[in-house]
Amino acid sequence: MTAAPLVRTDPAAVAGTPPGGRRGRRFDGPARTAVGFALGAALLFAVAPLALSDFRLSLLAKYLCVAMVGVGIGIAWGRGGMLTLGQGVFFGLGGYAMAMHLKLADAGPGELPDFMQLYGQLDELPLWWRPFASPWIALPATVLLPMVVAFGLGSLVFRRRVRGAYFAILSQALAAAMVILLVGQQGTTGGTNGLTDIQGFFGYDLDDPVNQRMVYFIIAASLLALLALARQLFRSRYGELLVAVRDGEERVRFLGYDPAGVKLVGYVIAAGMAGLAGALFVPAVGIISPALIGIVPSIEFVIGVAVGGRATLLGPVLGAVAVAWARTALSERFPGTWTYLQGLLFVLVVAFLPGGLASLWVLARQRRSDPAGARWWRRSRPVEPAENRTEVSAA
Amino acid sequence: MSQFRGRRILAGAMTLIAAAALAGCGSKTSDEKSTAGVSADVSGDTVKVGLLNSLSGTMAISEVTVRDSIMLAVEEINAGGGVLGKKIVPVGEDGGSDWPTFAEKAEKLISQDRVAAVFGCWTSASRKAVKPVFEKNKALLFYPVQYEGLEQSPYIFYTGATTNQQIVPGLDYLKAQGKKSVYLVGSDYVFPRTANKIIKAYAAANGMTVLGEDYAPLGSTEFGTIVNKVRSSKADAVFNTLNGDSNVAFFKEYTSAGLTAASMPVVSVSIAEEEVKGIGTQYLKDQLTAWNYYQTTPGAANQKFVAAYKAKYGADKPTSDPMEAAYVAVHLWKSMVEKAGTFEVEKVRTASGGITYDAPEGLVTVDGPTQHIAKTARIGKVGGDGLITEVWNSGKPITPDPYLKSYPWASGLS
């Protein structure tokens, strides 16, 4: 590893806030945040349930789960510069922990879940399934299990200063390994089918549209809570430090901080968020399977965040929902050709909006203040987070 | 200041969770199920049906042919006046080779489009993903692919073979040929693993030995090790449950290792005419397949089907077992609806038992209790022209037995 020179970073670009200084205090103050959250809550809790049919609302619930993973990726990648291509693992751990509990609850005490009777030829529940019969273990496990795994991996990796592409590859390998493990143990994990046909959610019948709505409300509230948490994190001293590590890890080290510890915290938080998302995905969609946690879905999580704007608070949420919604809408309208349209959309965003959808409003504001501003896409360049430069210094 | 706000926001969010939880108190799982399901929209002079196949992703190559075949059946029925005087309007959706997407699209077809029935799904994982959706909405799915059995849903009709109509006859054939040992090779997913479980139980009861069992991840092209193990096992035959692209790599490796259909025959259960084209006839010549239908199956019904398919999609397009099963599914549904005199799902189900259809594969009969269909098993041999010719058939349609209840050796399986 050559000692690549640290690239000078523009403080505005660092935080992903509009260029032109003072971190846009005028537009980004607490009052504004409160209004933003109130708007978001109104949209999610009042407008969406009234305007959407049960089917569309259940789709929105699914999108919001993906958005929750996105909030975590926004912290780890957008703020911390850790391109994690394996969030599916943590999503899966949370999802499986929840699904295992719900399957056991569906089967009733002392009974085996349906798929085990079919594929497992087991007489009794495997040992590692037993703790999940209790909601008091299963529920915390949905968040803690991913965090513990992330902590284990992170402590090994960050101390050894594995960064950039190497970290991305490692995280992806973890996703591949987890899928192979789950598929191989068909008798106890459901194999490629995964855990399907989940009937109840803590005593509530998931077939009932009223209960589906309840699940949606829980998901929407959790997303808002995660956003509030992320916002506090961004504002805190730790948040500043995380961005500093992203843009100049060596420099932070010379200042006497431990970059490995800073990154580890960000990575573990992102994993916990993915775990919660996975846990809530299960009652919303009724299935968790290796196909949802492997390499492809892990990359799709990252794509959503990239499209939305990785370093901003709302960008990952907007991006995840926009990508998932576009996928549904395009595939319904053009079942034969939608994949091309989706690809085109990604190309356009990356080419013309490198800062993601969240930079749209910045552009709009620039245009207002600079009416002569021809070639507006050039103007978007400064908003791009210092990602590329980070990669250079990390290589 | 900002921290204070943040806490307030958090508190607000928590209040909302509590409010939402209070607002959403629907029925409990212990309650009697009361959901009536969505009824199909048949108010006009048309009736919609859903077509749910992967048009993108790894499964697209196989599932698109099934879609084409369903469209052919729909056109034929419409040309003949429709069903109960209503023209069929097909609504197509892309499952995208992704199981939760299948569930999403199934829900969309049922609740938004209000279709009278859905035709499609290929992999077992996609069927398992949509099964709860159809059961919840009390809507009908016609599943046209051979599968691993051990399933019986009141809202699914299985028009492909279950294990006693494909795998068990395949084993019977090997036994009759004097094969005493087999080696099992499969893709790593539910169908091969379940099929191999059944094969091992059969072997144990019929004096055959299973010399090895290997799985390759779906889409894997690394078969050097597996083929070496197969060769050194000196098994009498190989039972192959590999899916898709992996077959190309496997058979190339198999041929280059000097193994042939004469020295060690391979019985494949997922290679039909369409796949033979992709793998290459030179690697597959004289190898065996187990299905219920081949393009070469004799009979006027098949001649008509093959001619119509080639006229619509091109002379070079082969017809295969899953395509035929999908085509048959649409016609069977029409007969069921006409017998019931209504599109109402429960009445259609009640009317389904005993319905027969003169299918390209021969006469098929719907078995009311299992909602599978009685089919004739056929062992085929791959010819030099890429078509498969039958070398043995069961003589008469085999009654479906998805749980293998009538086979004493299978008693421990489920």
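Ala284(A) is found in helix α13 of chain A, which covers residues 259-285; helices here are DSSP runs of H or I of at least four residues, strands are runs of E of at least two, and both are numbered from the N terminus. The structure is a predicted model, in which local features need pLDDT of at least 70 and side-chain atom pairs count only at pLDDT 80 or more, while totals for chains, interfaces and linings use all residues. Residues are numbered from 1 along each chain as its sequence is written, and chains are lettered from A and ligands numbered from 1 in the order in which they are written.

The predictor assigns the complex an ipTM of 0.80 and a pTM of 0.85. For chain B the mean pLDDT (the predictor's confidence in each residue, from 0 to 100) is 89, and 91% of the residues of chain B reach 70 or more.

Ala284(A) counts as buried because 23 C-beta neighbours lie inside 10 Å; a residue is buried with 20 or more other C-beta atoms within 10 Å of its own, exposed with 12 or fewer, and partly exposed in between, the C-beta atoms being placed from the backbone. When residues up to four places away in sequence are not counted, Ala284(A) touches Ser58(A), Ala61(A), Lys62(A), Cys65(A), Val215(A) and Ile219(A), where contact requires C-beta atoms, placed from the backbone, to lie within 7 Å. The C-alpha atom of Ala284(A) is also separated by 10 Å from that of Ile218(A), although these two residues are 66 residues apart along the chain.

Between the two chains, the contact involves 51 residues of chain A and 48 residues of chain B. On the side of chain A that touches chain B, the elements giving two or more residues include α3 (30-51), α4 (54-79), α8 (164-184) and α10 (209-235), and α10(A) supplies the largest share, 13 residues. By class, this side of chain A has 26 nonpolar, 17 polar and 8 charged residues, with Ala, Val, Leu, Ile, Met, Phe, Trp, Tyr, Cys and Pro counted as nonpolar, Asp, Glu, Lys and Arg as charged, and the others, Gly among them, as polar.

Chain B is divided into domain 1 (46-161 + 302-374) and domain 2 (164-296 + 378-410), with bounds that come from an automatic or database domain assignment. The centres of these domains of chain B, taken over C-alpha atoms, are 26 Å apart, and their contact takes 30 residues from domain 1 and 25 residues from domain 2.

Also in chain B, α12(B) packs against helix α13 (residues 345-352) at an angle of about 105 degrees, with the axes 8 Å apart; axes are lines fitted to C-alpha atoms, for helices over the stretch in contact, and angles run from 0 to 180 degrees between N-to-C directions. The helices α12(B) and α13(B) are therefore roughly perpendicular to each other, since angles of 65 to 115 degrees count as such, those under 35 as roughly parallel, those over 145 as roughly antiparallel and the rest as oblique. In this packing, Met336(B), Val337(B), Lys339(B) and Ala340(B) of α12(B) meet Lys347(B), Val348(B), Ala351(B) and Ser352(B) of α13(B).

Most residues other than glycine have a negative phi. Lys234(B), by contrast, has a positive phi near 55 degrees, and lies in the loop between α7 (224-233) and β8 (237-241) of chain B. Leu404(B) likewise has a positive phi, near 50 degrees. Lys234(B) counts as exposed, with 11 C-beta neighbours inside 10 Å, whereas Leu404(B) is buried, with 22 other C-beta atoms within 10 Å.
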